[in-house]
Amino acid sequence: MSQLSVALVTLGCARNEVDSEELAGRLAADGFRLVEDPAEADTVLVNTCGFVEQAKKDSVDALLEAADLKTGDGSGPSSVVAVGCMAERYGAELADSLPEADAVLGFDDYPDIGARLRAIVAGEQHTPHVPADRRKLLPISPVDRQAAREAERPPVPEQVRSRLTTGPTAPLKLASGCDRRCTFCAIPAFRGSFVSRRPHDVMAEAAWLAADGVKELFLVSENSTSYGKDLGDLRLLETLLPELAAVEGVERVRVSYLQPAELRPGLLEAIASTPGVAPYYDLSFQHASNAVLRRMRRFGDPDSFLGLLERVRTLAPEAGVRSNVIVGFPGETEADFETLCDFLVAARLDVVGVFGYSDEDGTEAASYDDKLGDDEIRARVAHLSDLVEELTSQRAEERIGEVVDVLVEEVGDGLVVGRAAFQGPDVDGTTELTAAADVGDVVRALVVASEGVDLVAAPL
(Lines give C-alpha, C1' and ligand atoms only; values in the text may rest on other atoms or scores of the structure.)
Protein backbone atom coordinates (compact mmCIF):
# COMPACT_ATOMS: atom_id res chain seq x y z
CA MET A 1 0.00 0.00 0.00
CA SER A 2 1.38 3.44 -0.95
CA GLN A 3 2.21 5.94 1.76
CA LEU A 4 -0.87 7.93 2.76
CA SER A 5 -0.64 11.70 3.11
CA VAL A 6 -2.47 13.72 5.75
CA ALA A 7 -3.04 17.43 6.30
CA LEU A 8 -3.99 18.85 9.68
CA VAL A 9 -6.20 21.92 10.06
CA THR A 10 -6.21 23.40 13.57
CA LEU A 11 -8.79 25.70 15.12
CA GLY A 12 -8.99 27.18 18.59
CA CYS A 13 -6.36 27.74 21.23
CA ALA A 14 -2.68 26.93 21.69
CA ARG A 15 -3.63 23.74 23.56
CA ASN A 16 -5.27 22.52 20.35
CA GLU A 17 -2.08 23.39 18.48
CA VAL A 18 -0.15 21.03 20.75
CA ASP A 19 -2.77 18.32 20.25
CA SER A 20 -2.43 18.67 16.46
CA GLU A 21 1.34 18.36 16.66
CA GLU A 22 1.04 15.27 18.87
CA LEU A 23 -1.36 13.73 16.33
CA ALA A 24 1.08 14.67 13.56
CA GLY A 25 3.90 12.99 15.48
CA ARG A 26 1.92 9.79 15.91
CA LEU A 27 0.96 9.75 12.24
CA ALA A 28 4.50 10.44 11.03
CA ALA A 29 5.82 7.64 13.25
CA ASP A 30 3.14 5.37 11.78
CA GLY A 31 4.27 6.00 8.20
CA PHE A 32 1.99 8.82 7.11
CA ARG A 33 3.36 11.71 5.06
CA LEU A 34 2.47 15.14 6.45
CA VAL A 35 1.49 17.81 3.91
CA GLU A 36 0.48 21.44 4.41
CA ASP A 37 -2.12 21.80 1.65
CA PRO A 38 -5.37 19.89 2.35
CA ALA A 39 -6.01 19.71 -1.40
CA GLU A 40 -2.88 17.56 -1.80
CA ALA A 41 -3.68 15.14 1.04
CA ASP A 42 -5.32 11.73 0.97
CA THR A 43 -7.12 12.62 4.18
CA VAL A 44 -7.70 15.85 6.09
CA LEU A 45 -7.81 15.91 9.87
CA VAL A 46 -9.68 18.95 11.22
CA ASN A 47 -8.89 19.62 14.88
CA THR A 48 -12.06 21.40 16.00
CA CYS A 49 -12.78 23.82 18.83
CA GLY A 50 -15.90 23.43 20.96
CA PHE A 51 -15.50 26.28 23.45
CA VAL A 52 -18.14 28.85 22.41
CA GLU A 53 -20.75 29.12 19.67
CA GLN A 54 -18.59 31.10 17.24
CA ALA A 55 -15.73 28.62 17.61
CA LYS A 56 -18.10 25.76 16.81
CA LYS A 57 -19.34 27.57 13.71
CA ASP A 58 -15.77 28.14 12.58
CA SER A 59 -15.05 24.44 13.07
CA VAL A 60 -18.06 23.40 11.00
CA ASP A 61 -17.02 25.85 8.27
CA ALA A 62 -13.51 24.34 8.24
CA LEU A 63 -14.95 20.82 7.90
CA LEU A 64 -17.23 21.91 5.04
CA GLU A 65 -14.36 23.71 3.31
CA ALA A 66 -12.22 20.58 3.52
CA ALA A 67 -15.13 18.42 2.26
CA ASP A 68 -15.50 20.73 -0.76
CA LEU A 69 -11.98 19.68 -1.83
CA LYS A 70 -13.13 16.09 -2.40
CA THR A 71 -13.41 15.56 -6.15
CA GLY A 72 -13.91 11.83 -6.54
CA ASP A 73 -11.24 11.61 -9.22
CA GLY A 74 -8.32 11.23 -6.84
CA SER A 75 -7.11 14.82 -7.21
CA GLY A 76 -8.24 15.85 -3.74
CA PRO A 77 -8.66 14.23 -0.33
CA SER A 78 -10.71 11.08 -0.18
CA SER A 79 -11.79 11.65 3.41
CA VAL A 80 -12.32 14.44 5.94
CA VAL A 81 -12.16 13.54 9.62
CA ALA A 82 -13.20 15.64 12.63
CA VAL A 83 -11.18 15.43 15.84
CA GLY A 84 -10.69 17.80 18.76
CA CYS A 85 -12.95 19.37 21.34
CA MET A 86 -16.13 19.71 19.30
CA ALA A 87 -15.76 16.16 18.00
CA GLU A 88 -15.27 14.85 21.54
CA ARG A 89 -18.07 16.99 22.94
CA TYR A 90 -20.76 15.98 20.40
CA GLY A 91 -19.56 12.69 18.89
CA ALA A 92 -22.43 10.83 17.21
CA GLU A 93 -24.60 13.96 17.23
CA LEU A 94 -22.02 15.83 15.16
CA ALA A 95 -21.64 12.87 12.78
CA ASP A 96 -25.40 12.77 12.19
CA SER A 97 -25.71 16.51 11.62
CA LEU A 98 -22.62 16.83 9.42
CA PRO A 99 -22.54 13.98 6.88
CA GLU A 100 -19.89 15.89 4.91
CA ALA A 101 -17.37 14.64 7.49
CA ASP A 102 -16.46 11.02 6.80
CA ALA A 103 -15.80 10.30 10.49
CA VAL A 104 -15.87 11.90 13.91
CA LEU A 105 -13.15 10.69 16.30
CA GLY A 106 -12.91 11.25 20.04
CA PHE A 107 -9.89 11.63 22.31
CA ASP A 108 -9.83 7.89 22.99
CA ASP A 109 -9.11 7.31 19.30
CA TYR A 110 -5.86 9.30 19.42
CA PRO A 111 -3.52 6.45 20.49
CA ASP A 112 -4.62 4.46 17.40
CA ILE A 113 -5.07 7.44 15.07
CA GLY A 114 -3.06 5.85 12.24
CA ALA A 115 -5.16 2.68 12.16
CA ARG A 116 -8.35 4.74 12.37
CA LEU A 117 -7.40 6.90 9.38
CA ARG A 118 -6.28 3.95 7.25
CA ALA A 119 -9.61 2.24 7.84
CA ILE A 120 -11.55 5.40 6.99
CA VAL A 121 -9.56 6.00 3.79
CA ALA A 122 -10.23 2.35 2.85
CA GLY A 123 -13.95 3.05 3.07
CA GLU A 124 -14.77 1.45 6.42
CA GLN A 125 -17.53 3.06 8.43
CA HIS A 126 -16.45 4.40 11.80
CA THR A 127 -18.98 4.29 14.63
CA PRO A 128 -18.74 7.61 16.46
CA HIS A 129 -18.67 7.67 20.24
CA VAL A 130 -21.52 8.76 22.46
CA PRO A 131 -20.11 11.58 24.65
CA ALA A 132 -19.82 11.11 28.41
CA ASP A 133 -18.67 13.34 31.23
CA ARG A 134 -14.90 12.72 31.19
CA ARG A 135 -14.54 13.97 34.75
CA LYS A 136 -15.97 10.63 35.87
CA LEU A 137 -13.15 8.65 34.24
CA LEU A 138 -10.57 9.54 36.91
CA PRO A 139 -10.61 9.54 40.73
CA ILE A 140 -11.98 12.60 42.51
CA SER A 141 -8.79 12.92 44.54
CA PRO A 142 -6.09 14.58 42.38
CA VAL A 143 -3.24 12.56 43.93
CA ASP A 144 -4.86 9.30 42.78
CA ARG A 145 -5.13 10.32 39.14
CA GLN A 146 -1.63 9.72 37.78
CA ALA A 147 -1.67 5.97 38.40
CA ALA A 148 -5.23 5.67 37.10
CA ARG A 149 -4.38 7.61 33.93
CA GLU A 150 -1.28 5.52 33.22
CA ALA A 151 -3.18 2.26 33.80
CA GLU A 152 -5.94 3.39 31.45
CA ARG A 153 -3.59 4.90 28.83
CA PRO A 154 0.13 4.05 28.95
CA PRO A 155 2.51 7.02 28.66
CA VAL A 156 3.39 7.96 25.09
CA PRO A 157 7.02 7.92 23.96
CA GLU A 158 8.92 11.15 24.44
CA GLN A 159 8.95 13.56 21.49
CA VAL A 160 5.93 11.99 19.83
CA ARG A 161 5.16 15.53 18.66
CA SER A 162 5.96 16.89 15.17
CA ARG A 163 6.05 20.66 14.75
CA LEU A 164 3.66 22.03 12.16
CA THR A 165 5.10 25.57 12.29
CA THR A 166 8.65 26.88 12.19
CA GLY A 167 8.46 30.07 14.26
CA PRO A 168 10.63 30.86 17.29
CA THR A 169 7.70 30.43 19.71
CA ALA A 170 5.95 27.17 20.58
CA PRO A 171 3.29 26.13 23.08
CA LEU A 172 4.31 23.54 25.67
CA LYS A 173 1.53 21.68 27.47
CA LEU A 174 1.74 21.65 31.26
CA ALA A 175 -1.47 19.77 31.98
CA SER A 176 -4.88 18.83 30.65
CA GLY A 177 -8.37 19.11 32.07
CA CYS A 178 -9.83 21.29 34.80
CA ASP A 179 -11.34 20.77 38.24
CA ARG A 180 -13.16 24.09 38.44
CA ARG A 181 -16.93 24.14 38.10
CA CYS A 182 -17.56 27.50 36.47
CA THR A 183 -21.24 27.57 35.57
CA PHE A 184 -20.68 28.95 32.06
CA CYS A 185 -17.99 26.50 30.96
CA ALA A 186 -18.35 23.02 29.44
CA ILE A 187 -14.61 22.35 29.05
CA PRO A 188 -14.16 20.10 32.14
CA ALA A 189 -16.95 17.78 30.96
CA PHE A 190 -15.20 16.96 27.66
CA ARG A 191 -11.57 17.61 28.61
CA GLY A 192 -11.84 15.77 31.94
CA SER A 193 -10.34 16.29 35.37
CA PHE A 194 -7.07 18.14 35.85
CA VAL A 195 -3.96 16.03 35.21
CA SER A 196 -0.43 17.46 35.33
CA ARG A 197 2.31 16.28 33.00
CA ARG A 198 5.29 14.97 34.89
CA PRO A 199 8.17 17.49 35.11
CA HIS A 200 10.55 15.08 33.35
CA ASP A 201 8.26 14.94 30.32
CA VAL A 202 7.83 18.72 30.26
CA MET A 203 11.59 19.25 30.47
CA ALA A 204 12.31 16.66 27.77
CA GLU A 205 9.89 18.31 25.38
CA ALA A 206 11.28 21.75 26.21
CA ALA A 207 14.79 20.58 25.29
CA TRP A 208 13.46 19.04 22.06
CA LEU A 209 11.70 22.29 21.12
CA ALA A 210 14.81 24.33 21.89
CA ALA A 211 16.89 22.03 19.68
CA ASP A 212 14.39 22.76 16.89
CA GLY A 213 15.04 26.49 17.18
CA VAL A 214 12.32 27.54 19.62
CA LYS A 215 13.33 30.59 21.66
CA GLU A 216 10.13 31.11 23.66
CA LEU A 217 8.21 28.38 25.48
CA PHE A 218 4.54 29.24 25.97
CA LEU A 219 3.25 27.08 28.84
CA VAL A 220 -0.39 26.16 28.25
CA SER A 221 -3.12 24.30 30.11
CA GLU A 222 -6.71 24.84 31.20
CA ASN A 223 -5.45 26.10 34.59
CA SER A 224 -1.70 26.56 35.05
CA THR A 225 -2.07 27.59 38.71
CA SER A 226 -3.18 24.02 39.54
CA TYR A 227 0.00 22.45 38.14
CA GLY A 228 1.46 19.84 40.48
CA LYS A 229 -1.51 19.37 42.80
CA ASP A 230 -2.05 15.81 41.55
CA LEU A 231 1.69 15.14 41.86
CA GLY A 232 1.66 16.03 45.55
CA ASP A 233 3.37 19.43 45.21
CA LEU A 234 1.27 22.50 44.49
CA ARG A 235 4.45 24.61 44.32
CA LEU A 236 5.93 22.49 41.53
CA LEU A 237 5.59 25.21 38.89
CA GLU A 238 7.74 27.58 40.97
CA THR A 239 10.44 24.89 40.91
CA LEU A 240 10.00 24.08 37.23
CA LEU A 241 10.16 27.63 35.86
CA PRO A 242 13.88 28.27 36.48
CA GLU A 243 14.72 24.83 35.10
CA LEU A 244 12.79 25.56 31.91
CA ALA A 245 14.40 28.98 31.58
CA ALA A 246 17.83 27.34 31.88
CA VAL A 247 17.28 25.00 28.91
CA GLU A 248 19.98 25.73 26.34
CA GLY A 249 18.60 27.87 23.53
CA VAL A 250 15.53 29.09 25.43
CA GLU A 251 15.39 32.86 25.77
CA ARG A 252 11.99 33.25 27.37
CA VAL A 253 9.34 31.21 29.21
CA ARG A 254 5.77 32.45 29.40
CA VAL A 255 2.94 31.08 31.56
CA SER A 256 -0.67 31.24 30.36
CA TYR A 257 -4.05 31.04 32.01
CA LEU A 258 -3.73 31.80 35.70
CA GLN A 259 -6.72 31.68 38.04
CA PRO A 260 -6.73 34.79 40.29
CA ALA A 261 -8.25 32.88 43.21
CA GLU A 262 -5.44 30.29 43.04
CA LEU A 263 -2.48 32.58 42.32
CA ARG A 264 -0.17 31.92 45.27
CA PRO A 265 2.33 34.59 46.39
CA GLY A 266 5.19 32.20 45.62
CA LEU A 267 4.08 31.69 42.01
CA LEU A 268 3.40 35.39 41.53
CA GLU A 269 6.93 36.15 42.74
CA ALA A 270 8.52 33.36 40.67
CA ILE A 271 7.00 34.74 37.46
CA ALA A 272 8.11 38.26 38.33
CA SER A 273 11.64 37.51 39.46
CA THR A 274 12.94 34.38 37.69
CA PRO A 275 15.49 35.30 34.99
CA GLY A 276 14.23 34.20 31.60
CA VAL A 277 10.56 34.05 32.68
CA ALA A 278 8.37 36.75 31.13
CA PRO A 279 6.69 39.03 33.69
CA TYR A 280 3.37 38.25 32.07
CA TYR A 281 0.11 37.52 33.87
CA ASP A 282 -2.76 35.98 31.92
CA LEU A 283 -5.40 36.41 34.63
CA SER A 284 -8.84 34.91 34.13
CA PHE A 285 -10.99 37.57 35.85
CA GLN A 286 -14.18 36.92 33.77
CA HIS A 287 -16.01 39.73 35.61
CA ALA A 288 -15.57 42.12 38.53
CA SER A 289 -18.98 42.17 40.19
CA ASN A 290 -18.94 39.88 43.20
CA ALA A 291 -22.62 39.01 42.62
CA VAL A 292 -21.99 37.92 39.03
CA LEU A 293 -18.83 36.03 39.98
CA ARG A 294 -20.73 34.07 42.64
CA ARG A 295 -23.30 33.02 40.04
CA MET A 296 -20.38 31.94 37.87
CA ARG A 297 -19.04 29.89 40.83
CA ARG A 298 -15.96 32.07 40.89
CA PHE A 299 -14.45 34.36 43.49
CA GLY A 300 -13.36 37.97 43.64
CA ASP A 301 -14.39 41.61 43.52
CA PRO A 302 -12.82 44.88 42.33
CA ASP A 303 -10.84 45.45 45.52
CA SER A 304 -9.26 41.98 45.60
CA PHE A 305 -8.46 42.08 41.89
CA LEU A 306 -6.94 45.56 42.08
CA GLY A 307 -4.94 44.44 45.11
CA LEU A 308 -3.57 41.52 43.09
CA LEU A 309 -2.61 43.85 40.25
CA GLU A 310 -0.87 46.16 42.70
CA ARG A 311 1.21 43.25 44.01
CA VAL A 312 2.10 42.24 40.45
CA ARG A 313 3.25 45.75 39.53
CA THR A 314 5.12 46.23 42.77
CA LEU A 315 7.18 43.13 41.97
CA ALA A 316 7.49 43.86 38.23
CA PRO A 317 6.48 47.39 37.18
CA GLU A 318 6.88 46.47 33.51
CA ALA A 319 4.63 43.39 33.77
CA GLY A 320 2.03 42.71 31.13
CA VAL A 321 -1.46 41.70 32.23
CA ARG A 322 -4.24 40.38 30.01
CA SER A 323 -7.66 38.99 30.81
CA ASN A 324 -10.99 37.89 29.36
CA VAL A 325 -14.41 39.01 30.55
CA ILE A 326 -17.94 37.76 29.89
CA VAL A 327 -20.68 40.34 29.37
CA GLY A 328 -24.40 39.69 29.75
CA PHE A 329 -24.22 36.72 32.13
CA PRO A 330 -27.70 35.75 33.42
CA GLY A 331 -28.77 38.21 36.10
CA GLU A 332 -26.12 40.83 35.24
CA THR A 333 -27.67 44.17 36.21
CA GLU A 334 -26.75 47.62 34.93
CA ALA A 335 -24.94 48.13 38.24
CA ASP A 336 -22.97 44.90 37.75
CA PHE A 337 -22.00 46.02 34.26
CA GLU A 338 -20.90 49.43 35.52
CA THR A 339 -18.81 47.70 38.19
CA LEU A 340 -17.02 45.77 35.46
CA CYS A 341 -16.44 48.93 33.39
CA ASP A 342 -15.13 50.86 36.40
CA PHE A 343 -12.79 48.00 37.31
CA LEU A 344 -11.29 47.88 33.82
CA VAL A 345 -10.70 51.64 33.90
CA ALA A 346 -8.80 51.26 37.19
CA ALA A 347 -6.99 48.03 36.23
CA ARG A 348 -4.95 49.38 33.27
CA LEU A 349 -4.73 45.99 31.58
CA ASP A 350 -2.65 45.55 28.42
CA VAL A 351 -5.22 43.38 26.61
CA VAL A 352 -8.83 42.43 27.38
CA GLY A 353 -10.90 39.90 25.45
CA VAL A 354 -14.63 40.73 25.60
CA PHE A 355 -17.13 37.92 25.08
CA GLY A 356 -20.90 38.05 25.09
CA TYR A 357 -22.58 35.35 27.14
CA SER A 358 -24.27 32.49 25.31
CA ASP A 359 -25.79 29.28 26.70
CA GLU A 360 -23.49 26.29 26.38
CA ASP A 361 -24.91 22.76 26.29
CA GLY A 362 -24.67 20.96 29.60
CA THR A 363 -23.65 23.96 31.71
CA GLU A 364 -25.38 25.05 34.87
CA ALA A 365 -25.81 28.62 33.63
CA ALA A 366 -27.87 27.41 30.67
CA SER A 367 -30.65 26.60 33.16
CA TYR A 368 -30.53 29.98 34.91
CA ASP A 369 -33.40 32.46 34.87
CA ASP A 370 -32.99 36.22 34.38
CA LYS A 371 -31.30 35.88 31.02
CA LEU A 372 -30.62 39.07 29.11
CA GLY A 373 -31.90 39.51 25.59
CA ASP A 374 -29.54 39.14 22.65
CA ASP A 375 -29.88 42.81 21.72
CA GLU A 376 -28.94 43.90 25.24
CA ILE A 377 -25.94 41.57 25.33
CA ARG A 378 -24.75 42.86 21.95
CA ALA A 379 -25.15 46.47 23.14
CA ARG A 380 -23.11 45.82 26.29
CA VAL A 381 -20.42 43.97 24.33
CA ALA A 382 -20.17 46.89 21.89
CA HIS A 383 -19.99 49.44 24.71
CA LEU A 384 -17.33 47.54 26.62
CA SER A 385 -15.34 46.72 23.48
CA ASP A 386 -15.15 50.43 22.64
CA LEU A 387 -14.06 51.20 26.20
CA VAL A 388 -11.44 48.44 26.17
CA GLU A 389 -10.06 49.65 22.84
CA GLU A 390 -9.56 53.10 24.32
CA LEU A 391 -8.10 51.80 27.60
CA THR A 392 -5.64 49.36 26.02
CA SER A 393 -4.51 52.02 23.54
CA GLN A 394 -3.82 54.32 26.50
CA ARG A 395 -1.91 51.53 28.25
CA ALA A 396 0.23 50.97 25.14
CA GLU A 397 0.93 54.70 24.97
CA GLU A 398 2.14 54.56 28.57
CA ARG A 399 4.81 52.11 27.36
CA ILE A 400 6.52 54.80 25.25
CA GLY A 401 9.97 55.32 26.73
CA GLU A 402 10.27 51.79 28.12
CA VAL A 403 13.20 49.56 27.16
CA VAL A 404 11.96 46.18 25.93
CA ASP A 405 13.42 42.90 24.68
CA VAL A 406 11.70 41.99 21.41
CA LEU A 407 11.66 38.44 20.07
CA VAL A 408 11.56 38.81 16.27
CA GLU A 409 8.91 36.60 14.65
CA GLU A 410 8.35 38.00 11.17
CA VAL A 411 10.61 39.73 8.65
CA GLY A 412 9.40 40.81 5.22
CA ASP A 413 8.24 43.68 3.02
CA GLY A 414 10.47 46.03 4.94
CA LEU A 415 8.90 45.15 8.29
CA VAL A 416 10.51 43.55 11.33
CA VAL A 417 7.83 42.47 13.79
CA GLY A 418 8.02 40.64 17.11
CA ARG A 419 6.80 40.71 20.69
CA ALA A 420 8.04 42.21 23.90
CA ALA A 421 7.99 40.18 27.10
CA PHE A 422 4.59 41.58 28.10
CA GLN A 423 2.99 40.59 24.78
CA GLY A 424 1.71 37.02 24.45
CA PRO A 425 1.55 35.20 21.10
CA ASP A 426 -1.41 35.58 18.73
CA VAL A 427 -3.84 37.26 21.13
CA ASP A 428 -1.87 40.33 22.30
CA GLY A 429 -0.23 43.23 20.48
CA THR A 430 3.04 43.22 18.56
CA THR A 431 6.16 45.41 18.43
CA GLU A 432 7.59 46.66 15.14
CA LEU A 433 11.32 47.37 15.09
CA THR A 434 12.74 50.30 13.13
CA ALA A 435 15.93 48.46 12.10
CA ALA A 436 16.82 45.17 10.45
CA ALA A 437 16.93 41.90 12.40
CA ASP A 438 16.47 38.19 11.78
CA VAL A 439 13.66 35.89 12.89
CA GLY A 440 14.58 34.46 16.28
CA ASP A 441 16.74 37.43 17.34
CA VAL A 442 16.04 39.02 20.71
CA VAL A 443 16.57 42.76 20.25
CA ARG A 444 16.79 45.31 23.05
CA ALA A 445 14.90 48.40 21.95
CA LEU A 446 13.31 51.64 23.12
CA VAL A 447 9.55 52.04 22.60
CA VAL A 448 9.07 55.22 20.55
CA ALA A 449 5.42 55.05 19.43
CA SER A 450 2.18 53.11 19.71
CA GLU A 451 -0.80 52.38 17.50
CA GLY A 452 -3.67 50.76 19.32
CA VAL A 453 -2.14 47.93 21.36
CA ASP A 454 0.83 47.65 18.98
CA LEU A 455 4.17 49.34 19.61
CA VAL A 456 7.06 50.70 17.54
CA ALA A 457 10.54 50.39 19.04
CA ALA A 458 14.04 51.53 18.00
CA PRO A 459 16.89 49.07 18.66
CA LEU A 460 19.44 50.36 21.16
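I began with helix α14, where Ile 377, Arg 380, Val 381, Leu 384, Leu 387, Val 388, Leu 391, Thr 392, Arg 395 and Ala 396 are buried (under 20% relative accessible area, with exposed over 50% and partly exposed in between, using a 1.4 Å probe and protein chains only). I am reading a predicted model, in which local features need pLDDT of at least 70 and side-chain atom pairs count only at pLDDT 80 or more, while totals for chains, interfaces and linings use all residues. Residues are numbered from 1 along each chain as its sequence is written, and side-chain values use heavy atoms, leaving out hydrogens and water.

I noted the spacing too: an α-helix has 3.6 residues a turn, so residues three or four places apart point the same way. Helices here are DSSP runs of H or I with at least four residues and strands are runs of E with at least two, numbered from the N terminus. Next I looked up what covers the buried residues of α14, and the list includes β12 (320–327), α13 (334–347), β13 (351–356), β17 (442–451) and β18 (454–459). Helix α14 (residues 374–398) has 25 residues and reaches 36 Å from first C-alpha to last, close to the 36 Å expected at 1.5 Å a residue (1.5 Å times one less than the number of residues).

**The sheet**

I then followed three strands that form an open, parallel sheet in the order β6-β9-β10 (strands pair if DSSP finds at least two bridges between them). β6 (169–173) and β10 (252–255) each have a single partner strand, so one side of each is left without a neighbour in the sheet. Neighbouring strands are turned by 25° against each other on average, direction ignored. Strand β9 (residues 216–220) pairs with β10 over four bridges, and I found Arg 254 in β10 as the bridge partner of Phe 218. Helix α8 (residues 199–211) packs on the sheet, touching β6 and β9, with its direction at about 165° to that of β6 (contact is heavy atoms within 4.5 Å; axes are lines fitted to C-alpha atoms, for helices over the stretch in contact, with angles from 0 to 180 degrees between N-to-C directions).

**The crossing**

How do α1 and α5 cross? The axes of α1 (residues 14–29) and α5 (residues 113–121) come within 9 Å and cross at roughly 75°. That makes α1 roughly perpendicular to α5 (65 to 115 degrees). I saw Leu 23, Arg 26 and Leu 27 in α1 meet Ile 113, Gly 114 and Leu 117 in α5.

Definitions and conventions:
Parallel < 35°, antiparallel > 145°, perpendicular 65-115°, else oblique.
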